Amino acid sequence: MAVKTIRITKLIARLITTLTVLTCSLLMAPQAIAGQDYDTALNYYQQKQYEKAAVHFETASLRAPGNISANYYAAYCFHLVGKRQEAIQSYRRLSKNFPGTREARQAEKALSAIDPQYKAIQAGSPAAQTGNTGNLNVAGRKKETAENLTNRLVKVQKATGKLADVTGDFIKSIKEMVAAIPLPILVLMDERGGEFDIAPSVVEHDLRIQNTAPRGWGSESSWKESPAVCSGTKVIIAQYKLNSSTGEYVTTETEIGVVRHETGHAIDHCLNGFSTRESFRHAYYLDEARVPDELRGRLAYFLQKSTSGPSEVFAELICSRLGGETDNYRKESGDLVYKHFPLCRKEMENLLAELGVK
Ligand SMILES: [Zn+2]
């Protein structure tokens, strides 16, 4: 017990020393590298709002990959607030882009503690490096049919609240959508815990989300108004959603496009965060910078900070690839994303080719 306490105290002391040293160099960072996000990050950092600081440092770092302070502080702040996955991505970039520096050495030390794939990457394992398509057994499952996989992946939840059970027609329409997904993607989902769970309403699936708003939505919205959500590798699909102006539940059967979009998020999760990979994020920031000013408001949902923007663009591009959006408003934004994120589209197409989608 005593040994442990001493060790922790030492660790904190070391951390504080590092922090002090780096804070000084941070404050003296040349103006040339201090973009708007960097300045915002610095403000949050000084107010000890590390989570917000992390998001802005990360954005600054991705926009200006030569800015070692932004990269270091993004990783460090993510780590500090327990955003492990984000911290790993940022530390990996730091280690790769600034080899031999003190910051890279610290990144490597942190990675060996928090990144389960770090040792495999160090040892040169190709599956660990490319993230994830390497050990998929698509070839060994040639005899698998879309119908088999669909029946395995689609699950139907009984009603638990005041809404009726989902109807046979609704189940059929979802199964048709799933069966039309390219086979290698279904195999990927099957191997990585993917699921399509149909419930009367998304909130019947997990009551904890009942009064919270989906990311990027106004705070007055709630999941009850959502036709589908993604929870890790699972897509939760509702037959009914709340119409907040009338207080009535209405059918979602015309919103199959949303299911396709959420499938994009599930695929992203099955690949351990494809949209957080450096190649995709790099493509994203190049595309994002060229989105015309007059469209930035319309595409705000796809231009969210940190990992949200890339993950929404990836999901929407997958949605287009699976047949696209179905309601007019979303169709229009889907087309805009398709048009204005060509480098991301290329990354997605490369991924699909790697998976064996023709
Ligand atoms: Zn989304």
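Predicted model: local features only at pLDDT ≥ 70, side-chain atom pairs only at ≥ 80, totals over all residues.
Residues are numbered from 1 along each chain as its sequence is written, and side-chain values use heavy atoms, with hydrogens and water left out.

So, which residues hold the zinc ion? Its protein donors are His261 (NE2), His265 (NE2) and Glu312 (OE), lying 2.1 Å from the ion. Donors here are N, O and S atoms within 2.8 Å of the metal (3.2 Å for Na, K and Ca), and as water is not among the atoms, sites may look incomplete. Along the sequence, the donor residues follow the spacing H-x3-H-x46-E. Because His261 sits in helix 13 (residues 256-270) and Glu312 in helix 16 (residues 308-321), the pair ties together parts that are 51 residues apart in sequence. Helices are DSSP runs of H or I, at least four residues, and strands are runs of E, at least two, numbered from the N terminus.

Now to the nonpolar packing. The largest nonpolar core has 52 residues, and Phe196 and Val313 touch the most other members. Helix 13 supplies the largest share of this core, 6 residues. By nonpolar core I mean a set of buried Ala, Val, Leu, Ile, Met, Phe, Trp, Tyr and Cys residues joined through side-chain atoms within 4.5 Å. Leaving out residues up to four places away in sequence, Val313 touches Phe280, Tyr284, Phe302, Val337, Phe341 and Cys344; contact means heavy atoms within 4.5 Å. Cys344 itself counts as buried because its relative accessibility is 0%. Apart from that core lies another, of 26 residues, including Leu42, Tyr45, Cys77 and Tyr118.

What about disulfides? A search of the whole structure finds 0, with a disulfide taken as a pair of cysteine sulfur atoms within 2.5 Å. For Cys230, the closest cysteine sulfur is in Cys270, 8.6 Å away, so it is too far for a bond. Cys230 is partly exposed, because its relative accessibility is 22%.

Last stop, Leu149 in helix 9 (residues 146-153). Leu149 counts as buried because its relative accessibility is 0%. Beyond residues up to four places away in sequence, Leu149 touches Arg141, Glu144, Leu183, Leu186, Val187 and Asp190.

Definitions and conventions. Buried < 20%, exposed > 50% of the residue type's maximum accessible area, 1.4 Å probe, protein only.
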